[in-house]
Structures are given as structure tokens and as C-alpha cells.
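Welcome, and please load the model in your viewer. We will go from one selection to the next and look at what is there.

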Amino acid sequence: MTAADALATAYAHGPGRVVERGRPAPFRPSAGPRVPFTALAAQGRFGAALGRLLTEVATPLRWETWNQYNDHRGYPSARAAFTVDLVLVIGSRRWPLDPVRRATIGAEPPVLDGPVRLELVRRRERLSEGYREFGDVLTELEVGHLAAALVEHAPRHGLEAWTSGLTVTVAPDRETGEPLPPMPPRSSGFGPCGISADPRPLPASAVRAFVAAITRPPAGSPVRDDLRHRLAVRNVEGLVDGWYAVDGLRLVEPGQALEDVREVFGHPPNTIDVARMNLALVTTGDPAAAVASDGPDGYRALLRAAGATAQHACTAAAGAGMFCRPARSVFDSPLEALVRAPASHSLLYLLVAGRPRGTGFTYDLSPLEA
């Protein structure tokens, strides 16, 4: 792909894109014998920690009976299609992961003799063909979410992880002690009657934790410093409603920012009541500058960085008692105008967040030891 092709793709994802209804391709799991992640524990502390990390990040953790898309893992996926697979790589050998069965695919378990690589393999075909080329955007965002989730969860298991392109390397961390307690479960909101936030004011500490995750991401995450963020705030203790810059949580423009976001959102309030959320994070970036600096893959890397930043914000939201709902169902140009984005910038992502009104009935699929 040339730089011109990359930019043509980027701009086709913006205003005027068409998303149609359609059926996704049937999912067919890879054939072959399976070895459960628990077999890794027989190879010592690193193997046990790696198995816990893969389970916590990449496998189903709960099943929500009331949710249209029931399968929930440690990171969000559009339509719960999970368009990214993980492959464990050691030397020249490869073991695809079966996340549902929590197993590696192959007759023999991986033999761990040092750091391992996790390749992120894009499976765009799991989204409906009706998404057309826009399905690539959602897949790249998910790549960023999954890579960032591996990086941010690794220290909890005495590991370190870092990203390079479509690969996450995981290694033992000699400086880290015992594993930390599990993180609070991430949620995209309780929505049988429409997702909305609790009407009580949100503590300012929750907003500060949310912003800190954006401005101080963990080392090794595929974030970038050329993203631009604007935060809409409503009904937060000690903060004026309006638009904020995340650096220093600085008020840029007072007003009913969430009401304005609702006007450019693609779903009605009885699906997602954006105007009653506490927060909305709008992320934009410059595709032309990214391609000029990084080559044809620059635009995809920009999307992956937006997904990674969103993952850290989602995790922080969960820790602060909030849900966090990623979205791309918006009218791009009006939203870019709302946040006063530079003319060269394109919308990359939108997150809406708030304190949930309820939790519903959920089957916990996490391992018994957790």
C-alpha cells in the first residue's frame, strides 16, 4: 500500500461512509487438539503468570443474560465479534490461542525458555460485510485495545509487556513481587432500557482517575503523543459542565457539552442516552501527518493508538466505579467541529462514561481461584 492509498482509505472512513445491515461470516474455530492454559503452570512461575494473564485479558469473563452481545472479555469489541486473534510465538513455533476453551491449539504445550511473543492477527471478516471498509477501523481500534490490555495487566502478574507493531512481547519482571488483586470488571453499561448514568453527581476523583489513564499510560503501550483529546463533563462534583482539555483537566469552554454530543450521536436516547452521561472523550488525529512520519501504516497505527488510549480509560473507569462505552456511531464532521479539532484532523474514537444505574444478572466466567 502506498501513502496515497493509505490516505484515501483514511478519508473514506469519515463523513459519507455507508454501513449496511448484513450477516457476519460464520465463525469456525481452528481444528486440532487443545492444551489448556493451566498446563503452562507446570513450567514454573512464568508459565503460571502467563496463563493467568491470557485468561484475564483474552478469554470470556462473564456472560450477561440481558445484553444483546453477551460475551464480555477484558477489552471491548464491536458487536462482540472479537476480530483479533492471539498467536503465541516461541522461536519459529506458533500456537494459536482458543480463548473460549482457554487453551493453546496444538498437540504439545508451548515450552517456555524466556520471553514470548503474542502476535495479534486481524480477523476483519468476523464483522458483517455491511460495514464495508469501515470494518477495518473497528478492527484496528480493537487491536489497540487488546495490546493495551495485555500491557496494563502484565504487572499484576509479575510480568512486563511491550508492544511493537502487531506483536506484544511478554517477559518475567524481576522487580515485581506477588500478583495484585484482580481489577474490577470492565463494563460498557447496563442497557436493557437504554444505557444512561446514575443521576447523582459523579465524584471528581473518578474524573481525575479517568484523565490520569489518558495522560500517563503504562510503558510499552502502543499509545502516541500525536492524538488530541477533548473531554465533555456533566454533573461532576466541583467541575463546571463543559469541554475540558485532558492536560491538567483545564476548562476550555463551559456549557452543555453532553447535550451537544447527543445531537451528533448515531443512536437515540432509548438506546444510549448520551446527554445524561457524565463524561464523553473525543479523540482525533491527523492521518496525513501520521502517514508522512511513519509510512503507509501510519494511519492504522493512529487508530491502534486511539484504541490503546481508550482501553486505559476504560480500565480506569472500572476502577472508579464507572462504565465506559466506546462508540463510532456518530456524525464525524459535526463532532470534529464541536471539539474545535484542527482542519487536518479526523475523528478516531468516542468514549462515553458514567456511574451505572444497575448491573443486571451476570454469569461470572472467571476461574474459581479468582
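Begin with two helices. Select Asp 136, Val 137, Glu 140, Leu 141, Val 143, Gly 144, His 145, Ala 148, Ala 149 and Glu 152 in helix 3, which meet residues of helix 7 including Tyr 299, Arg 300, Leu 303, Arg 304, Ala 306 and Gly 307. Contact here means heavy atoms within 4.5 Å. By class, this contact of helix 3 with helix 7 has eleven nonpolar, six polar and five charged residues. In that count, Ala, Val, Leu, Ile, Met, Phe, Trp, Tyr, Cys and Pro are nonpolar, Asp, Glu, Lys and Arg are charged, and the others, Gly among them, are polar.

A word on what you are viewing: this is a predicted model, in which local features need pLDDT of at least 70 and side-chain atom pairs count only at pLDDT 80 or more, while totals for chains, interfaces and linings use all residues. Residues are numbered from 1 along each chain as its sequence is written, and side-chain values use heavy atoms, with hydrogens and water left out.

Now turn to the axes of the pair. The axes of helix 3 and helix 7 (residues 298–319) come within 7 Å and cross at roughly 50°. That makes helix 3 oblique to helix 7. Axes are lines fitted to C-alpha atoms, for helices over the stretch in contact, and angles run from 0 to 180 degrees between N-to-C directions. Angles under 35 degrees count as roughly parallel, over 145 as roughly antiparallel, 65 to 115 as roughly perpendicular and the rest as oblique.

Where do they meet? Ala 209, Phe 210, Ala 213 and Ile 214 in helix 4 meet Thr 309, His 312, Ala 313, Ala 316 and Ala 317 in helix 7. The residues of this contact divide into seven nonpolar, two polar and no charged.

Two strands pair if DSSP finds at least two bridges between them; strand 1 and strand 6 pair over three bridges. Within that pair, Arg 34 stands opposite Ile 105 in strand 6.

Is Pro 109 buried, partly exposed or exposed? At 28% relative accessibility, Pro 109 counts as partly exposed, since buried means under 20% relative accessible area, exposed over 50%, and partly exposed in between (1.4 Å probe, protein chains only). Leaving aside neighbours within four places in sequence, Pro 109 is in contact with Val 35 and Trp 95.

Finally, zoom out. The protein has eight helices and 16 strands, taken as DSSP runs numbered from the N terminus (helices H or I, at least four residues; strands E, at least two). Of its 370 residues, 54% count as buried.
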